[in-house]
Amino acid sequence: SSVLADLADFAVDGASMLIRSVLLQGSFFAAMVCASRKLGVAGLAAHHVVTQLWMCSAYLVDGVATAGTVSGSRLVGAA
């Protein structure tokens, strides 16, 4: 019974992360659509490069934050 409760918690957390990721990607797609209407080919390419750099840095910061949360939880649990 405890395993099912843990599995349900995991599924809820996973669904929240999935929804967040889909909405984030959708917002960047909407920005690209808006940019494609106003920018030329070179401007759209620059927009894409900057967007990819932004996404890489966002995932990097998110990973560091997750590692910090795990480390902090372990420190609090050890105290």
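The model is predicted. The protein chain contains two helices and zero strands. Its radius of gyration is 19 Å, well over the 12 Å that the globule rule gives for 79 residues, so the chain is more spread out than a compact globule.

**Overall form**
- The C-alpha trace of the protein chain spans about 55 × 30 × 10 Å along its principal axes.
- Of the 79 residues in the protein chain, 5% count as buried.

**Packing of the two helices**
- Helix α1 covers residues 2-38 and helix α2 covers residues 41-78.
- These helices pack at an angle of about 160°, and their axes are 10 Å apart.
- That angle makes α1 roughly antiparallel to α2, because angles over 145 degrees count as roughly antiparallel.
- The crossing in which α1 passes α2 is right-handed.

**Residues at the contact**
- On the α1 side, the contact is made by Arg20, Leu24, Gln25, Phe28, Ala31, Met32, Ala35 and Ser36.
- On the α2 side, Leu44, His47, Thr51, Trp54, Met55, Tyr59 and Asp62 take part.
- By type, the residues of the contact of α1 with α2 divide into nine nonpolar, four polar and two charged.

**Leu53**
- Leu53 lies in helix α2.
- Its relative accessibility is 57%, so Leu53 counts as exposed, the cut-off for exposed being over 50%.
- Leu53 and Val33 are 20 residues apart along the chain, and their C-alpha atoms are separated by 18 Å.

Definitions and conventions. Residues numbered from 1 in each chain as written. Predicted model: local features only at pLDDT ≥ 70, side-chain atom pairs only at ≥ 80, totals over all residues. Heavy atoms only, no water. Axes fitted to C-alpha atoms, helices over the stretch in contact; angles between N-to-C directions. Helix = DSSP H or I, 4+ residues; strand = E, 2+ residues; numbered from the N terminus. Parallel < 35°, antiparallel > 145°, perpendicular 65-115°, else oblique. Left-handed = near helix turned anticlockwise from the far one by under 90°. Contact = heavy atoms within 4.5 Å. Nonpolar A, V, L, I, M, F, W, Y, C, P; charged D, E, K, R; others polar. Rg over C-alpha atoms; globule rule 2.2 N^0.38 Å. Buried < 20%, exposed > 50% of the residue type's maximum accessible area, 1.4 Å probe, protein only.
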